[in-house]
Amino acid sequence: MTSNREIHLASRPVGWPTEDDFRLVETDVPTPGPGQIVVRNQYLSVDPYMRGRMNDVKSYVAPFALDAPLDGAAIGEVVASEAADIAVGATVLHGLGWREYALLDATAARPVDPGIAPVSAYLSVLGMTGLTAYAGLLEVAAMKPGETVFVSAAAGAVGSLVGQIAKLKGAGRVVGSAGSPAKVERLRALGFDAAFDYHDGVRESLRAAAPDGVDVYFDNVGGDHLEAAISAMNLHGRVAICGMIAQYNATEPSAAPRNLALVIGKRLTLRGFLVNDHNDVRAAFVRDVAGWLRDGTLSYDETIVDGVENAPAAFLGLLRGDNLGKMLVKV
C-alpha cells in the first residue's frame, strides 16, 4: 500500500461537534528513519477526553492542531522498521490513532502479545480504560469491602469495569446509572445490584437504589449526577472524578452541583485524577484483570465501527452515548 488515510481537525467545534469539524485526508504511507517504525493500525480508540482537546485552551494535555491529524490510543502491526528492538510483524500499542498508518519512534510503542487476548482488548479492559477503572476505584476512592458504590455512565467503557471490579473486591452494593432501558438491563447482567435510567431522575432514582447512602462515587458525568451523589453520600464518602461528559459540549457553565456545602459537614473527599499518575499499580492491575478474564468473572463490551473514515461518526456516537462498553474503530 502507498496510500494512507487520516482524519484531520478541520475546525474547532462550538458546542456539539459535527462531522463538518473533521476532514478525511489522503497522504503517502510514511517511510521510517533511524530508530522509527511504521504501524498499520488495526483498531483506534475514541474517548470522551478528546472533546476537550478540540478546544484551543490550556489543559493537562495539548489541544489538537487544526489541519493536522488527531491522535489517540491505537494498536496495530509493524509493517516497516528501522529500529533494532521492534521487528516487522510485531503488534504494538501506541498513541497515533485516527489514521491508517502511523510513523513513530520505536520508544513510543509498547509491544504486546496478541496471543493472550484479542488485540482490541489492549485498548479497553487490558489498557488505559481498565487501568482507569482499577486505579480510580481502588487507589483514588480507596474503596473498602462492604461499602456502597455508585457509578455514573456505568454502561460505558470505564464505568462497566468499575462496577464489576467493585463487586470482585467485595463492595456491599453497586449501583449504576445509564442512558437507556437496554443499558440498565446490561448492568444488571454484569452483576450490578441496582441500575437506573438517568432520564427517570437521578436524585430520586439514586435514593431508591441506595437507601442506606453511598460511600464511593465514581464520576464520569458531573453535573446533576455529582449533585445527586453529594446528597446521597455517607459520612467520609469519597468521590473519584474521572470525567464530566455532561459538560464537555456545554457553551455555558453548568449550574450543578449546587449543594457543595454538604461536603463540609459530611467531610467528603472529591478528588480528580488522571490515569497516567497511577502507573505504579499497573502490575497489580494486570495480575488481577488477567486472572478475572481467565476465570470468566470479568466481562467487557465493545462497540466497533468499521473504517477510519467513520472515526468522526464513532466519536460523535460516543458523545451521544450510542456505545455499549468501549467505542472502537476497526481500521
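**View 1. Arrangement of domain 1 and domain 2.** The centres of domain 1 and domain 2, taken over C-alpha atoms, are 28 Å apart. In this predicted model, local features require pLDDT of at least 70 and side-chain atom pairs pLDDT 80 or more, whereas totals for chains, interfaces and linings use all residues. Residues are numbered from 1 along each chain as its sequence is written, and side-chain values use heavy atoms, without hydrogens and water. Domain 1 comprises 3-124 + 301-330 and domain 2 comprises 128-277, with bounds from an automatic or database domain assignment.

**View 2. Area buried between domain 1 and domain 2.** About 1,300 Å² is buried between the two domains, and carbon and sulfur atoms give 57% of this area. Buried area is the accessible area (1.4 Å probe) that two parts lose on being put together, summed over both. On the domain 1 side, S124, D301 and L324 lose the most area to domain 2, together 28% of what that side buries.

**View 3. The salt bridge between R186 and D301.** The side chains of R186 and D301 form a salt bridge at 2.9 Å, N to O; the term denotes a side-chain nitrogen of Lys or Arg within 4 Å of a carboxyl oxygen of Asp or Glu. One salt bridge is found across the interface of domain 1 and domain 2.

View 4. E100 occupies the loop between β5 (91-94) and β6 (101-105), the strands being DSSP runs (E, at least two residues) numbered from the N terminus. With a relative accessible area of 8%, E100 is buried (under 20%, 1.4 Å probe, protein chains only). Beyond its neighbours within four places in sequence, E100 contacts S3, N4, R5, V39, R40, N41, V308 and V331 (heavy atoms within 4.5 Å).

Note on methods: Helices (H or I, at least four residues) and strands (E, at least two) are DSSP runs, numbered from the N terminus. Buried means under 20% relative accessible area, exposed over 50%, partly exposed in between (1.4 Å probe, protein chains only).
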